[in-house]
Amino acid sequence: MIQRPAASRPAFFGHSVSGDRAIYSFDRPCVKFSAVDPQKPPPKRIAVIAGDGIGQEVIPQALKVIRSSGADVEISEFDWGADRYLRDEMTVPPDGFAMLGRDFDAVFAGAFGDPRVKTNIHAKEILLGMRFKMDLYANVRPVRLLDAALCPLKGVEPKDVDFVVIRENTEGVYTDAGGVFKQGTPDEIAIQEDINTRKGVERIIRYAFEYCEEHPRLDGSPRGRVLMVDKSNAMTHAGGLWQRVFEEVSGEHPRITAQHMYVDAVCMQMVRDPRPFDVIVTNNMFGDIITDIAAGLQGGLGMAASGNIHPGKTSMFEPVHGSAPPIAGKDLANPCGAILTAAMMLAHLGFTREAGRIDAAVLEAVRQKKTTQDIGGTLGTREAGEWVAEIVSRH
Ligand code: NAD
Ligand code: IPM
Ligand code: MN
């Protein structure tokens, strides 16, 4: 069961911030106060769930950068995560997902996962809960190398790594279909079903083709290739469906080159020479795995951004990395992934100028090595975030 509010506590903790000014910080649902200007569109409402571990460190830095960009947003923070779960067993309050969809324009999340919660139940219910229950079917993970020094491959430059992975986000082996039988006996059976629906496969493949048409590369040139990645040589039932749908949808986009590779070969190609990649579309688990490899090309997990998107619905944005327990609380975490994710979210909300300024400031930080140690700098998480926020506020 997902909803377990403690009887004595309010359903959720809201902390609402507009600009630099905290307007509300009580342990009860958010109340908003804002002067009404009929000429001005209302601020975009962002729900923030920093979550666990380094999520608690990188998200505050990204929020600083958002504020310094001047984007007209109203932030409401929620304390869903391991601490809250350990305190009163609540993962997501009653009506939590409906509330996010109804009351917010976007959700900005950190990371979920804590060694004290062995079952990982809270992460599953909060993170996968948002993806599944809000039907955020497209997990968009851009892969960009900001500086040659960050890439472990020799001779690879920023222009060589500019692709995107469109990961199916609501199906596959993540649906939790299956079960364990005869547990604890020598005859134990564990089944994890791989669910692939016609609707789910078709909409993610369509999304990838449309993304390819609508999103030019960083140098302004158009994208032109969609690569479908599967394992249809072994997983013939699911792979067959993906193959048939891919052929059909690619036929509707004659100007885009449709390509196919098996996932094992993609892993090899990615570490050998990532230049050929443009738009990759794949299932939930293969997308998870290849985007960690892709993060390696960008300088590590601290650099990778993502959006969980359903066009027209409240979407959720989160860095690709997890809660990184070994470095949590040490001011070591790289905030760039979270900051670039914030830029992605702002662009999605229509703040394209602000997003561009944030991307440019992160690039400048990387070039000047005003970064955390994982990518060659000497700054702490907070200093690195503040450096970017300062540059953003100047432009
Ligand atoms: P992880 O991403 O937390 O860490 C993997 C490696 O990358 C570690 O060496 C870590 O120190 C490093 N790293 C990650 N982010 C970094 C950053 N911002 N700056 C510097 N280094 C960074 O993955 P993991 O160790 O496999 O998982 C830890 C926990 O996080 C687990 O509970 C896992 O389930 C969870 N997780 C959550 C999410 C999410 O909430 N989106 C994503 C991945 C993993
Ligand atoms: C990610 C993470 C999650 C996933 C985990 C935490 C369930 O690895 O967002 O990449 O597998 O999707
Ligand atoms: Mn992952």
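Modeller: The account below goes from the whole protein to the domain contact and then to the ligands. This is a predicted model, in which local features need pLDDT of at least 70 and side-chain atom pairs count only at pLDDT 80 or more, while totals for chains, interfaces and linings use all residues. Residues are numbered from 1 along each chain as its sequence is written, and chains are lettered from A and ligands numbered from 1 in the order in which they are written.

The protein holds eleven helices and 14 strands, where helices (H or I, at least four residues) and strands (E, at least two) are DSSP runs numbered from the N terminus. Its radius of gyration, taken over C-alpha atoms, is 21 Å, close to the 21 Å of the globule rule for 395 residues, so the protein is as compact as a globular protein of that length; the rule is 2.2 Å times the number of residues to the power 0.38.

The domain assignment divides the protein into domain 1 (1–136 + 310–395) and domain 2 (137–305); such bounds come from an automatic or database domain assignment. A distance of 25 Å separates the C-alpha centres of domain 1 and domain 2. To their contact, domain 1 brings 24 residues and domain 2 brings 18 residues, two residues being in contact if their C-beta atoms, placed from the backbone, lie within 7 Å.

On the side of domain 1 that touches domain 2, α4 (121–133), α9 (336–348) and α10 (352–367) supply at least two residues each. The most comes from α9, which gives five residues. That side of domain 1 comprises 13 nonpolar, seven polar and four charged residues. In this division Ala, Val, Leu, Ile, Met, Phe, Trp, Tyr, Cys and Pro count as nonpolar, Asp, Glu, Lys and Arg as charged, and the others, Gly among them, as polar.

Ligand 1 lies between domain 1 and domain 2, because both give residues to the shell around it. This shell has 23 residues, the closest being G113, G302, H321, G322 and N334; a residue is near a molecule if its C-beta atom, placed from the backbone, lies within 6 Å of it. By class, the shell around ligand 1 contains twelve nonpolar, nine polar and two charged residues.

Around ligand 2 stand G113, A123, L127, D288, V320 and G322. Three nonpolar, two polar and one charged residues make up the shell of ligand 2.
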